[in-house]
Amino acid sequence: MIAIVDYGMGNVASVSTAFRRLGYEVILTDKEAELAKASHIILPGVGSFQAAVQEIEERGLKEPLQRLAKEKPFLGICLGMQLLFSEGYEGGTSAGLNLIPGTIEKIETDYILPHIGWNALDIKEGHEPFEAFQNKHVYFVHSFEARVDRKYLVASTEYGTEVPAIVKNENVYGIQFHPEKSGEVGVEILKTFLQGEAK
Amino acid sequence: MIVKRIIPCLDVKEGKVVKGTNFVSLRELGEPVEMASAYSKTGADEIIFLDISATNEGRQTMVDIVRETAENVFVPFTVGGGVRTIDDVTRLLRAGADKVGMNSAAVADPELISESSARFGAQCIVVAIDAKKYEDGWHVMTHGGSKDTGIDAIEWARTAEQKGAGEILLTSVDTDGVKDGFDIELTKAIVDAIRIPVIASGGCGNPDHFAEVFEKTDVSAGLAASIFHEDTYSVQEVKERCKQQGVNIRET
């Protein structure tokens, strides 16, 4: 069973549909006990970093999520990916879940923002399960990005600057784009996460 | 590099996709969810629903369509038409729309843009501008392109951006329905005036028109309705033509 953290930030329907379509049982929850029972934890989210941190803290989920992320496969999507990092500067400075070292800052580019639309993935060396997605297009919608050491970078995209697209630290994964809105490619990427990079 | 988006638009009236040559004779084309799903599987980069229902029942039906679309379509979709209050925005986003378009109501009260943007983020707020050329420039038209507000379209686009719009859906009232190509002059004027993505709409009659608007302006996306619905051209044919002309598109 896959648990999707439902903490009041954005619609979780599309994300849960994508996993159901892959044949998994899905539960939407903000309860620690249910998260603890799941095989995988998904942290979605749309909106601002600071508001999301507040929602997580109000539900008493920060420490449980930090602990569970060390125990089982954990995936942050879009804002959920940004929350994996140490600190974010959207809406003021606030501390994230600190599962991947790095900060969330406004994209520095000459191009227009938000970065909205389909952009190509550049898969980094050493991430074989993701190699099939080299140059595939996925759907991005964001103005902030992760500033992260290259050793955590699985894939990036080009938008006048190198924008992190997939990040990974042990069993914690983050996807900046919307796999649930990226057609068949997006579904395949979710499948790759579920199957585990090691296999 | 980010690609240019090809977007089919579905006009929905009382729960059915229609093609309106005018508001008197509307021809039913099919089921919105099925059509959106079919387009998403054949290369559409995004789908836009425009609700032209005249009744409250029709608007409620649209919410059901949005919910069903979110479960069956795996590309982003926008819903516009009849969005008047932040409650309308909330209802459509909760039902699963990725973005909500607002037009006349935003002109009447630009705070609708800022309130919606502050609550849900700029990325899901699309301001639709219908523009028509007059001697002193382009005017913003409302009520389905019939009412001249006297507001300068370029100024309004700038205001919409400042208020927090994430994207502009720009329709030329002059070229809409003519099928002789997008309004290049208007599109260029708006795109060059603002720093958010613009979707060009109105006048597309064949794949060359998409290639043309992408070559001659920095527009982010192009929208068409009838050429797709009437099976005159497929999304794939449009993409192939664009690719031949060196336009960066998403291959599926």
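In the predicted model, 24 residues of chain A are in contact with 26 residues of chain B, two residues being in contact if their C-beta atoms, placed from the backbone, lie within 7 Å. On the side of chain A that touches chain B, the elements that give two or more residues are helix H1 (13-21), strand E8 (115-120), strand E10 (137-142) and helix H6 (183-195) of chain A. Helices (H or I, at least four residues) and strands (E, at least two) are DSSP runs, numbered from the N terminus. E8(A) gives the most to this side, with five residues. By class, the side of chain A that touches chain B has eleven nonpolar, ten polar and three charged residues; Ala, Val, Leu, Ile, Met, Phe, Trp, Tyr, Cys and Pro count as nonpolar, Asp, Glu, Lys and Arg as charged, and the others, Gly among them, as polar.

The model is predicted, with local features needing pLDDT of at least 70 and side-chain atom pairs counting only at pLDDT 80 or more, while totals for chains, interfaces and linings use all residues. Residues are numbered from 1 along each chain as its sequence is written, and chains are lettered from A and ligands numbered from 1 in the order in which they are written.

Chain A contains an open sheet of eight strands with mixed pairing, in the order E2-E1-E3-E4-E14-E13-E12-E9; two strands pair if DSSP finds at least two bridges between them. Its edge strands, each pairing on one side only, are strand E2 (26-29) and strand E9 (122-123) of chain A. Four bridges connect E1(A) and E2(A), which pair in the parallel sense, and A:Ile4 stands opposite A:Leu28 in E2(A). H1(A) packs on the sheet and touches E1, E2, strand E3 (40-43) and strand E4 (74-77) of chain A. The direction of H1(A) makes about 160 degrees with that of E2(A), where axes are lines fitted to C-alpha atoms, for helices over the stretch in contact, and angles run from 0 to 180 degrees between N-to-C directions.

A:Val5 is placed in strand E1 (residues 2-5) of chain A. This residue is buried, because 29 other C-beta atoms lie within 10 Å; the term buried applies if 20 or more other C-beta atoms lie within 10 Å of the residue's own, exposed if 12 or fewer, and partly exposed in between, with C-beta atoms placed from the backbone. Not counting residues up to four places away in sequence, A:Val5 touches A:Asp30, A:Leu35, A:Ile41, A:Ile42 and A:Leu43. A:Val5 and A:Leu99 are 94 residues apart in sequence and 16 Å apart in space, C-alpha to C-alpha.

Another open sheet of chain A is formed by four strands in the order E6-E5-E7-E11, again with mixed pairing. Strand E6 (94-95) and strand E11 (144-147) of chain A are the edge strands, and each pairs on one side only. Strand E5 (residues 85-88) and strand E7 (residues 100-106) of chain A run parallel and are joined by three bridges. A:Gly88 stands opposite A:Ile104 in E7(A). In the loop between E7 and E8 of chain A lies A:Pro114, which a cis peptide bond joins to A:Leu113, with omega about 0 degrees.

In chain B, the UniProt annotation "active site" (unreviewed entry) covers B:Asp11 and B:Asp130; UniProt positions are given in the numbering used here, feature names are shortened, and annotations may be inferred rather than shown by experiment. B:Asp11 is in strand E1 (residues 5-13) of chain B and is buried, with 21 other C-beta atoms within 10 Å. B:Asp130 is in strand E7 (residues 125-134) of chain B and is buried, with 27 other C-beta atoms within 10 Å. Not counting residues up to four places away in sequence, B:Asp130 touches B:Asn103, B:Val140, B:Met141, B:Gly145, B:Thr171 and B:Val173.

B:Glu14 is partly exposed, with 17 other C-beta atoms within 10 Å. B:Asp231 is exposed, with 7 other C-beta atoms within 10 Å.
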